[in-house]
Amino acid sequence: MRPNEHLKAALVDDEPLGRERIRVLLRDEPDITLTGEYATGEAAVAGVADALPDVLFLDVQMPGVDGFGVVELLHQVVPPSEIPVIVFVTAYDSYALRAFEVSAVDYLLKPFDRARFRAALTRARDRVRERKSVTVRDDNVAELLSQIRQLRDQLDEGDAKRLRADARFVVRTGAKLFFVRAADVDWIAGEGNYARLYTQGRSHLVRETLKSVESRLDPRQFVRVHRSAIINVDRVASLGPHAHGEYVVIMKDGSKLKTSRTYSAKLRLLLN
């Protein structure tokens with residue numbers, strides 16, 4: 001990145017005043033072009049995947065898909081080298097800041113002043129410059145995702161269940177992105193570093209390992225039946241015995257999956 005090169009920025013906040021505050025501050029930065037502002041996590045994922053801004057000001061607390069969810073969903077549809085440098089915005093330091101001391105470029109604690117905003121923007125500029133001058137590895141994105149999941153694990157049980165119940169995936173069809181709710185998925189197959197979702201007679205490939213997908217699902221509704229398959233127990237049509245304590249699971253979409261003994265006991269408990 002050359003010193004006078006323009007940066008593209010986007011902002012995400014469900015509160016209009018929050019978006020206005022950052023928008024106004026960005027007007028005083030001649031090297032910044034605002035490519036989009038979004039009021040929901042869903043809109044942010046689609047917009048960022050299309051515009052690919054260099055910097056993303058991302059509110060943490062939002063209904064539906066929150067700031068953490070935006071990062072997770074972007075990872076499914078945007079290559080690691082194209083994920084924006086992220087500045088998290090939050091009103092609750094106890095909720096978010098510990099997780100981002102290493103992986104996020106900075107955070108803005110509401111209410112913040114112009115000097116604090118410019119300091120965060122300077123760090124973001126430096127990070128963009130570094131990323132454009134070297135080959136970007138997956139390490140930073142992987143570390144950020146890991147820290148987000150660790151933070152989720154620290155939530156109380158009620159919040160954790162809510163987040164898993166609200167889990168969703170973003171999939172690409174041609175040039176369009178759309179969301180698939182976890183509750184609408186019949187079953188999921190692992191395909192190396194990807195996972196394939198089977199839902200409503202269609203399948204969708206997402207940029208996420210089966211292990212990663214499993215960590216975001218409600219364990220009361222989804223169960224792994226094989227090292228490479230997870231099923232939605234609400235979509236099971238029948239269960240038949242197989243050899244050596246294994247089962248053949250017939251799904252409502254007609255798919256037949258064989259369980260392994262390792263996972264059969266848990267499946268029996270959920271279906272009883």
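In the predicted model, 58% of the contacts in the protein chain between residues at least 6 apart in sequence join residues at least 24 apart. The secondary structure of this chain consists of 9 helices and 15 strands. Of the 272 residues in the chain, 47% are buried. The accessible surface amounts to about 13600 Å², and carbon and sulfur atoms account for 49% of that area.

The structure contains 3 aromatic pairs. One of them is formed by Phe112 and Phe117, whose ring centres lie 6.3 Å apart; their planes meet at 20 degrees, so the pair counts as stacked. Both Phe112 and Phe117 are buried. Another pair is formed by Trp187 and Tyr198, with ring centres 4.2 Å apart and planes at 5 degrees, and this pair is therefore stacked as well. Trp187 belongs to strand E8 (residues 187-191) and Tyr198 to strand E9 (residues 194-199), so the pair ties together parts that are 11 residues apart in sequence.

The two members of this second pair fall into separate burial classes. Trp187 has a relative accessibility of 10% and therefore counts as buried, because the class covers values under 20%. Tyr198, at 22% relative accessibility, counts as partly exposed.

Ring pairs also join Phe57 to Phe112 and Phe117 in a cluster. A further arrangement involves a charged residue and a ring: Arg116 lies over the face of Tyr107, at 5.5 Å from the ring centre.

Key: Residues are numbered from 1 along each chain as its sequence is written. This is a predicted model: local features need pLDDT of at least 70, side-chain atom pairs count only at pLDDT 80 or more; totals for chains, interfaces and linings use all residues. Side-chain values use heavy atoms; hydrogens and water are left out. Helices (H or I, at least four residues) and strands (E, at least two) are DSSP runs, numbered from the N terminus. Buried means under 20% relative accessible area, exposed over 50%, partly exposed in between (1.4 Å probe, protein chains only). Contact means heavy atoms within 4.5 Å. Accessible areas come from the Shrake-Rupley method with a 1.4 Å probe; for residues, only the protein chains shown count as cover. Rings of Phe, Tyr and Trp (its six-membered ring) pair if their centres lie within 6.5 Å; planes under 30 degrees apart count as stacked, over 60 as edge-to-face and the rest as tilted. A charge sits over a ring if NZ of Lys or CZ of Arg is within 6 Å of the ring centre and within 35 degrees of the ring normal.
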